[in-house]
2 protein chains.
Amino acid sequence: MAIGGAEDKTSDLEILKRVFDLAPEANAEVAVIATASSIPDEVLPDYQAAFERLGASRVHTLDIQDRQQAADDATLRLINQSGVIFFTGGDQLRLTNVIGGSAVLNAIRERLMAGAVVAGTSAGAAAMPGTMIYDGAAADALRKGAVNMTFGLGFVDGLVIDSHFLERGRFSRLMQIGATNPEHLGVGLGEDAGVIVHPNRVLEAIGPGHVIIIDSRDLASSNIADLSMGEPIAIENMILHAMVSGHGFDIEARRYLVADALDALLEESR
Amino acid sequence: MAIGGAEDKTSDLEILKRVFDLAPEANAEVAVIATASSIPDEVLPDYQAAFERLGASRVHTLDIQDRQQAADDATLRLINQSGVIFFTGGDQLRLTNVIGGSAVLNAIRERLMAGAVVAGTSAGAAAMPGTMIYDGAAADALRKGAVNMTFGLGFVDGLVIDSHFLERGRFSRLMQIGATNPEHLGVGLGEDAGVIVHPNRVLEAIGPGHVIIIDSRDLASSNIADLSMGEPIAIENMILHAMVSGHGFDIEARRYLVADALDALLEESR
């Protein structure tokens with residue numbers, strides 16, 4: 001599950017409650033990984049308090065500041081016994097740089113396959129796909145080279161996730177990425193909004209904010225391949241959706257799902 | 001012609017040159033109207049210098065700060081002899097409040113019908129259609145009631161114009177407006193970008209920046225009519241384009257025009 005940042009941690013906990021409720025039965029242990037954050041000592045207690053309020057039996061606050069810690073046996077044991085693994089916000093490049101290719105990352109992938117919930121907010125959300133954005137000002141985007149991408153953590157394929165999306169006006173970033181390769185779906189998460197990626201590759205929007213979808217599969221033309229770096233990118237025909245809580249999107253069929261259609265698809269796959 | 005704000009006034013003058021070059025032959029007089037601006041004394045000399053550099057025979061700097069001035073005979077005479085009428089930026093609500101329904105506005109409409117160029121930047125661009133946005137933060141948009149609209153100056157129909165579009169991430173404002181009535185095309189102007197509305201209702205993008213088109217005609221569903229004020233708006237299926245200089249858009253056909261297609265259509269209509 002990916003969250004757009006600034007989710008409520010002290011009031012209704014609407015999004016964090018969904019994260020916690022998705023955990024496999026009889027496993028109420030939560031691991032919170034603050035690697036992306038430059039202020040883990042401030043961030044970790046907030047999540048500890050929130051997940052404890054939601055009924056977590058234990059919350060493991062994992063700082064993991066370097067690659068040695070990302071190979072630590074004690075940390076691996078805590079990951080392996082947790083039903084929820086949660087990545088905080090911060091800098092997604094720091095997150096992939098420290099845990100990319102590590103024993104901890106391998107353990108998390110195995111937990112995901114085994115049915116645990118893997119969730120992240122802001123940088124932790126952006127890093128979830130196989131490829132991620134790590135820099136690029138929205139105001140400068142739509143110019144060749146203005147959006148910087150690299151490998152992500154590889155928890156989900158076929159899409160790219162951007163966060164703080166409406167608050168920072170990042171539509172142009174996902175448009176630019178769609179023009180580079182229309183195969184991949186752009187998912188823009190507003191603050192206090194999240195998206196669950198269900199096993200049948202159906203997205204479900206949650207929280208009070210918006211989830212924006214930019215679908216480039218029907219891109220009709222673009223000049224991007226012919227431009228020099230810095231020149232303005234032309235784009236003909238992308239599809240734009242705004243999902244609210246309870247609505248969804250079928251990644252493979254590229255189909256928007258209003259509440260009834262989403263419920264039917266999720267029911268079917270149970 | 002509508003310009004997204006912050007157009008170059010001192011270097012290449014790429015956009016202002018196009019404004020000036022579109023003036024009817026043998027009329028090199030320019031009227032600049034600074035009604036929207038709170039600092040007309042700072043803004044008017046810059047435009048005077050720019051248009052004089054481009055070869056204007058005279059530049060009439062028209063302050064017009066109240067409705068009495070908007071009915072002034074001397075001002076009307078200057079409007080009536082100008083081949084270019086240019087509106088500065090500022091606050092579009094001040095612009096329509098002061099000149100709406102005035103003799104000056106009627107004179108400008110007649111000049112437009114007679115072949116003069118009417119152009120505006122930023123607030124002056126936003127005010128050109130029959131209906132305009134005058135307020136609404138992009139970060140709060142996509143919630144019912146968050147974008148405020150009222151009557152514009154009525155120089156062009158069938159579209160709504162937003163300015164500083166990429167710089168302030170205003171995609172959500174045009175999405176919200178498209179959901180309220182999909183008939184009207186959303187035109188988002190980046191800074192140092194403009195759009196010429198040709199007589200055959202074809203748009204032509206000019207300048208180094210982007211012109212974003214949000215076309216809601218194929219809107220498939222939205223919850224907007226069922227919401228209470230402040231609730232988040234869902235949108236299924238809008239079309240998104242990014243035009244660069246030399247590309248265009250056919251408003252009636254809702255068709256993106258790459259450079260060759262635009263040239264052919266403009267040639268045809270000459």
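Reader: How many bridges join strand β14 of chain A to β14(B), and which way do the two run?

Author: Five bridges join β14 (residues 235–243) of chain A to β14(B), and the strands run antiparallel. Strands here are DSSP runs (E, at least two residues) and helices are runs of H or I of at least four residues, numbered from the N terminus; two strands pair if DSSP finds at least two bridges between them. Keep in mind that this is a predicted model, where local features need pLDDT of at least 70, side-chain atom pairs count only at pLDDT 80 or more, and totals for chains, interfaces and linings use all residues. Residues are numbered from 1 along each chain as its sequence is written, chains are lettered from A and ligands numbered from 1 in the order in which they are written, and side-chain values use heavy atoms, with hydrogens and water left out.

Reader: Which residue stands opposite I239(A) there?

Author: I239(B), in β14(B).

Reader: OK, the interface. How many residues does the contact take from each chain?

Author: 33 from chain B and 33 from chain A, where contact means heavy atoms within 4.5 Å. The area buried between them is about 2500 Å², and carbon and sulfur atoms give 65% of that. Buried area is the accessible area (1.4 Å probe) lost on putting the two parts together, summed over both.

Reader: Which elements give two or more residues to chain B's side?

Author: α7 (171–180), β12 (211–215) and β14 (235–243) of chain B. The largest share, eight residues, comes from β14(B).

Reader: How do the residues on that side divide into nonpolar, polar and charged?

Author: It's 21 nonpolar, nine polar and three charged.

Reader: Switching to the sheets: what's the strand order in chain B's open sheet of nine?

Author: β3-β2-β4-β5-β1-β10-β11-β15-β16, with mixed pairing. At the edges stand β3 (58–62) and β16 (255–257) of chain B, each with a single partner strand, so one side of each is left without a neighbour in the sheet.

Reader: In which sense do β4 and β5 of chain B pair?

Author: Parallel, over four bridges between β4 (residues 84–87) and β5 (residues 117–121) of chain B. F86(B) stands opposite A119(B) in β5(B).

Reader: And in chain A, what is the bridge partner of A2(A) in β5(A)?

Author: G120(A). Strands β1 (residues 2–3) and β5 (residues 117–121) of chain A pair in the parallel sense over two bridges.

Note on methods
Nonpolar A, V, L, I, M, F, W, Y, C, P; charged D, E, K, R; others polar.
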